[in-house]
Amino acid sequence: MKSSIKLIMKPKWDEIEKIRNKSSNFLVSQGISNNSIQALTMVISELVENSVKYGKFLSPKNTVIINIHIDENIVTTEVINPVDNTVFKHLKKLDKTIQWIRGFQNPLEAYTERLRVVSKKPLNDEDSGLGLVRIAYEGKAILDFFVSEDNFLNVSALSNS
Amino acid sequence: MNQNFVEIKANLIEGKTTIPIDVKYTSKYSFLIRFLNSNSFKNGAEFSKLIIQMNGRSFELGRCQFLSEPNIDGYAGRLIFINDIYDIESLMFDNKIVRLQNACLNLPLILNLKHNIAESFHKYTANLTYDLSVYKNLFDNLDAEYSKEPEHIRNSLQQTVINTIGREFMGFLDDKLLELEQIIRNFSKDQHKDHGFYFRKQLWNTIICAPFMTRTNLKPRGYAGDSDMMSMIYANDYRGNSTYSKLMHKHPLEQPAAQAVRNRRKIIAKMIRNLNKDSNRGNNKKLKILSVACGPACEIQDVLISTKDCKKFHFVLLDQDRTALYEAARLIDHTEKKLDTKIAVDYLNESVRTMLAAPFLKNKLGQFNFIYSMGLFDYLLPPVASAVIGKLYQLLKPGGQMLIGNFHVSNPSKYYMEYWLDWAIYYRTEEDFKSLLMDAPSADVDLFFEDAGIQMFLHVKKKSKPDFDSKNIQ
């Protein structure tokens, strides 16, 4: 079974709920189990939130693109948004964090370690990094990303349905 | 930060009594205190709480005890906490109350994981732990037996033990590995994760006595497969503080996956040398070679045997890890000194995940006769792998070649790597691997395996004259 959907959203917080609903409806239509849909919807929400938060939407035409691709029992979600050179420091950190999370056979290790670190962070520190470990542990997804030549950040999450 | 080293006004509370004090940060888990209004208390005096006013906020800490110290600068002693243990640094510098006991918050999550473990696996792990403990005891006793001998005698005796009982022990480990594979063969992905976690917690004392296993598990550079791990695989020797440690270090290095890593090094070196033979370039033109995620680039030592070889190549070594590049540079430096010549090498400290957008790629790298990447694609998901391989293809000169490695899904060492080494990689089938190069129509592509049959290589030749329909990749 192969199927896919492409969703496009304006980079606005109130658009995220619509994407959640659309992607969830698509997954339901593909006969994905309820548990997997919950996990996948969480993954998609986290990725889209990060996209809105860190993307550089300099033109009104700039959008967030969400591709969901199902092939056999593998669901690949790609979230794509424009970036500029100012986010490269953040991307280096993203790179390190993703490799660190993926370094564990069981993301529970990353999850518990991150919770321990977050419990010590200042209250006003927004950059907990907990979203990514939630994607890996609760969403049971493997993460990866690249920045294209034309400065689009493509973050992908691969899950078993 | 300095302002937090100054005295801060606070109150100790005991019953209905409020005792004004000055507190000062002195260590992670204690305050220096000065009693005001001529108050004094005996060593060991307890108070129900401490209230600190700081940065316009009030922080209430629980039961504490006064420990008298020699009076220096008017401080009567220290205050420590006896119910909850507070992290004073977090409080003073981040204005956050953190309890040492927070470390226990995750305990239920970790302890409950054992309920997901199959009975057969519980039994297997318990038996293995027992057997390993018996073997360790045996080897430790043998070590002790000849510990007073001179070093060269000791080494010789240890080598004999390794070659005899040690090899029998390695055979035992092989058998246990087969048994493990039988037990877990029908597990789901989630079951593998939970059982792997449980296994490593149970076997931790064994894992940390073996240098290779310690490194793969702890990943001190933040990722699996770093250049030190590669060097250990290449060396394939006995390392450790005891006979038992040496055997536990060596065992994973004798697995088929490790042999595949050693094989691929030879393949790359052979291919570069052949490329040089086949090349029709002008005499002064060096073959330009890019190694992506190069690590220590040990294979270059196998290519550059003579001074003449050194003049034929221009290497560009790219890695996200600066330490790996230093190691590669050290090896190049060693070869230069050994052959008394200069080698053309550029080092690029960049991640493949961000390199596609990096301005230097377009402007500075130019194009290459040969591009190779041995262990990178084992870590890239399809969208990323496809983008990276497409970009690398663009960087090939017409007629240039590319060799990309990836472990095959049938890797017989897969569960050894995941359960013992906590080393999970992204496996591909032949079809998965070939499909990454869909955007390169002007390419001849073939796929082959190294001798262990575990690592695949995608061998891509860019046609000398690009087809008309390949404009997207030119």
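1. B:Cys298 has 7% relative accessibility and is therefore buried (buried is under 20% relative accessible area, exposed over 50%, partly exposed in between, with a 1.4 Å probe and protein chains only). B:Cys294 also counts as buried, at 6% relative accessibility.

2. The model is predicted: local features need pLDDT of at least 70, side-chain atom pairs count only at pLDDT 80 or more, and totals for chains, interfaces and linings use all residues. Residues are numbered from 1 along each chain as its sequence is written, chains are lettered from A and ligands numbered from 1 in the order in which they are written, and side-chain values use heavy atoms, with hydrogens and water left out.

3. Over all chains, the structure holds zero disulfides (a disulfide is a pair of cysteine sulfur atoms within 2.5 Å). The cysteine sulfur closest to that of B:Cys294 belongs to B:Cys298 and lies 10 Å away, too far for a bond. B:Cys298 is likewise in no disulfide, its nearest cysteine sulfur being that of B:Cys294.

4. Helix H4 of chain B, residues 151-184, contains B:Lys176 (helices are DSSP runs of H or I with at least four residues, strands are runs of E with at least two, and both are numbered from the N terminus). B:Lys176 is buried, with a relative accessible area of 9%. Its side chain makes a polar contact of 3.1 Å with the side chain of B:Glu179 (a pair of N or O atoms within 3.5 Å; within protein, one must be able to donate a hydrogen and the other to accept it, and residues adjacent in sequence count only if both atoms are side-chain atoms). Leaving aside residues up to four places away in sequence, B:Lys176 touches B:Tyr124, B:Leu128 and B:Asp131 (contact means heavy atoms within 4.5 Å).

5. Helices H3 (residues 119-145) and H9 (residues 243-253) of chain B pack at about 130°, with axes 8 Å apart (axes are lines fitted to C-alpha atoms, for helices over the stretch in contact, and angles run from 0 to 180 degrees between N-to-C directions). H3(B) is therefore oblique to H9(B) (under 35 degrees is roughly parallel, over 145 roughly antiparallel, 65 to 115 roughly perpendicular, the rest oblique). H9(B) contributes B:Thr243, B:Tyr244 and B:Leu247 to the contact, while the H3(B) residues include B:Leu132 and B:Phe139.

6. H9(B) also meets helix H7 of chain B (residues 211-218), where the axes come within 7 Å and cross at roughly 65°. Here H7(B) supplies B:Pro211, B:Phe212 and B:Met213, and the H9(B) residues include B:Met248 and B:His249.
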